[in-house]
Amino acid sequence: MRPIAARAGSARRDCGRGSGLAAVGLDRRERSSRYTYMGIPRTVPRTIATKPRLTAFVALYTLGLGIVAGWQGNLEFVFYTIVMGVFIGFILFVDSRVRFTRLTLWLLATWGLLHMAGGTVKIPDALTDGDKNVLYALRLVSWVPRYDQFVHVFGFFVAALACAESLAAAFGRGKRAVLSAGVCFGVALMSMGLGAVNEVLEFAVTLFVEDHGVGGYVNTGWDLVCNGIGAVLGGMAAYSRNPARDSGLAP
């Protein structure tokens, strides 16, 4: 028989070997969870992995209306299709850190559809108030805002909600922070700033696309007014329906 000390040393070596194997197994599990989410590789953005209907909705209308724009020879909206791809990538990036609510993601997706349809769906000449007979130039009666103006109000209302959720996530450090009235005023200003970026993109279109439907200075002025209305309404909504408590905005 081996001496007691020798047996004890062997037991310690076996124990160390076993704990080492357990550590290797744990390390493999940690690395696996680091690169997968619900069995889906982490390289696939979380929004795509967890919201297939939303993903399909956005992909179908972006690709479908982008193809329509190309078939029409509509270089303006071929350009906007590329911009939409960049915008979608940006939203996926921000959502991976902020975790936008389902409502806000669907509103952002709807805004994209309204925009893409606005420049590619044809309307009768009798309803056209603009240079092109597309949905963006639709005005049903003289005292009703154009479709274009409605989309600007809606879009930057949604942008304000997205800004509010981003700030709530940033301030909350893992939880949705309650936003004060002052912060919500800042949210409205953030959305107006995004509206100004939108107008810069429209200006870029006028420089590179000869046959465009952007409009002139008066159109730009109304766009900014509508952006501001939507942004203020969005800031008010963010204040009155705080994401930390309101079931309508909660994930």
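**Entry 1: Gln149.** I looked up Gln149 and found it in helix 6, where helices (H or I, at least four residues) and strands (E, at least two) are DSSP runs numbered from the N terminus. The model is predicted, so I note that local features need pLDDT of at least 70, that side-chain atom pairs count only at pLDDT 80 or more, and that totals for chains, interfaces and linings use all residues. Residues are numbered from 1 along each chain as its sequence is written, and side-chain values use heavy atoms, with hydrogens and water left out.

Is Gln149 buried or exposed? Gln149 counts as buried because its relative accessibility is 11%; buried means under 20% relative accessible area, exposed over 50% and partly exposed in between, with a 1.4 Å probe and protein chains only. Leaving aside residues up to four places away in sequence, I found Gln149 touching Arg139, Trp222 and Cys226, with contact taken as heavy atoms within 4.5 Å.

**Entry 2: helix 7.** I then checked the length of helix 7 (residues 181-208): at 1.5 Å a residue its 28 residues should span 40 Å, and the end C-alpha atoms are 42 Å apart, which agrees. The expected span is 1.5 Å times one less than the number of residues. I listed its buried residues as Cys184, Val187, Ala188, Ser191, Gly195, Glu199, Glu202 and Val205, and these pack against helix 4 (75-98), helix 6 (147-172) and helix 8 (217-240).

**Entry 3: helix 7 with helix 8.** I recorded an angle of about 150° between helix 7 and helix 8, with their axes 8 Å apart; axes are lines fitted to C-alpha atoms, for helices over the stretch in contact, and angles run from 0 to 180 degrees between N-to-C directions. The two are therefore roughly antiparallel to each other, since angles under 35 degrees count as roughly parallel, over 145 as roughly antiparallel, 65 to 115 as roughly perpendicular and the rest as oblique. Helix 7 passes helix 8 in a right-handed crossing, that is, with the near helix turned clockwise from the far one by less than a right angle, anticlockwise being left-handed.

On the helix 7 side, the residues that meet helix 8 include Cys184, Ser191, Glu199 and Glu202, and their partners in helix 8 include Asn219, Asp223, Gly228 and Tyr239. By class, this contact has 10 nonpolar, seven polar and three charged residues; Ala, Val, Leu, Ile, Met, Phe, Trp, Tyr, Cys and Pro count as nonpolar, Asp, Glu, Lys and Arg as charged, and the others, Gly among them, as polar.

**Entry 4: helix 4 with helix 7.** The axes of helix 4 and helix 7 come within 11 Å and cross at roughly 140°, and the two helices are therefore oblique to each other. I found Glu76, Phe79, Tyr80 and Val83 in helix 4 meeting Leu201, Glu202 and Val205 in helix 7, a contact that divides into five nonpolar, no polar and two charged residues.

**Entry 5: the whole chain.** How many helices and strands does the protein chain have? I counted eight helices and two strands, running α-β-β-α-α-α-α-α-α-α from the N terminus. Of the 251 residues, 36% count as buried.
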